[in-house]
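Hi there,

Here is the structure I promised to pass on to you. Have a look at it first, and then read my notes below.

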Amino acid sequence: GLIIVNLANVDVIGHIEDKNAVVRAVRCVDRVLGEIVEAVRREKATHLVTSDHGTVEEWLYPDGTVNTGHTANPVPFILADFSEGNPAPVRLKKNGELADVAPTILELLEIPKPSEMTGQSLLLGRRKKGVPGKKVVLLILDGWGMREEARGNLIREAGTPVFDGLWGSFPGALLESSGEAVGMPPGAVGNSEAGHLHIGAGRRVLLDRVRIDKAVADGGFFENDE
């Protein structure tokens, strides 16, 4: 009932100082996104598009030097529901975090959310129940962040007609993918490990250094004999 696809091109190529290669990677991912969309449409499945963190949408530091690292920008979440042959009307919360992805998928598949998952479904309102043979395809555009500013934004510079069409035609949300939303210190940029972990976990999983800081702050650290 669930297929998960990860396109790593933008993240991997975004870590090298080769602008032309990065632009080609973005265009390649956008083209393949279109192929996957059409396959999902033919199969009458529900298509979810998101990312684990940002990278090349902020490829320059303020001083103009190249930033080959990750970013703290939000990432997209798009829901294109082809499950009944035509896009069904769906409403989404406008904002969330990566831990909300798994609860959303569970609601789409009509699977109860376990108590361990503290993330919340992004769906608004009650959906039609009992759609037979429900299938969901989750596509992760690795390293694809959202940023309005054009300067240093290689996603905008590359031109992404398929993604832009989806973003403009279907319900979408912006998800926090850095800092405390993915169990990291405030202001820390996102990364693949934390991003993918939170997409699947459906809850915030604290980085060890954050757990230690919290334990010191609340006194629990000093009660640990080990």
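Helix 5 gives the largest share of the lining of the largest pocket, with three residues. Please keep in mind that this is a predicted model.

Let me stay with the pocket for a moment. The space inside the largest pocket comes to about 270 Å³. Its lining is made up of 16 residues, and those nearest the centre are M146, R147, E148, R156 and F163. Two helices, helix 4 (154-158) and helix 5 (161-169), each contribute at least two residues to this lining. Sorted by class, the lining of the largest pocket holds seven nonpolar, five charged and four polar residues.

The other place to look at is S121. You will find S121 in the loop that runs between helix 3 (101-108) and strand 6 (123-124). Is S121 buried or exposed? S121 has a relative accessible area of 14%, and because that is under the 20% cut-off, S121 counts as buried.

What does the side chain of S121 reach? One partner is the side chain of E107, with which the S121 side chain makes a polar contact at 2.6 Å. The S121 side chain also reaches the backbone nitrogen of L123, at 3.2 Å. If you set aside the neighbours within four places in sequence, S121 is in contact with K93, D100, P103, T104 and E107.

Enjoy exploring it!

Best wishes

Terms used: Residues are numbered from 1 along each chain as its sequence is written. This is a predicted model: local features need pLDDT of at least 70, side-chain atom pairs count only at pLDDT 80 or more; totals for chains, interfaces and linings use all residues. Side-chain values use heavy atoms; hydrogens and water are left out. Helices (H or I, at least four residues) and strands (E, at least two) are DSSP runs, numbered from the N terminus. Buried means under 20% relative accessible area, exposed over 50%, partly exposed in between (1.4 Å probe, protein chains only). A polar contact is a pair of N or O atoms within 3.5 Å; within protein, one must be able to donate a hydrogen and the other to accept it, and residues adjacent in sequence count only if both atoms are side-chain atoms. Contact means heavy atoms within 4.5 Å. On a 1 Å grid over the protein atoms alone, a cavity is a set of points where a 1.4 Å probe fits but cannot get out, and a pocket is an open set with protein on both sides within 12 Å along at least five of seven lines; lining residues have an atom within 4 Å of a point. Grid points are joined across faces, edges and corners, and a volume is the space filled by probe spheres set on the points. Ala, Val, Leu, Ile, Met, Phe, Trp, Tyr, Cys and Pro count as nonpolar, Asp, Glu, Lys and Arg as charged, and the others, Gly among them, as polar.
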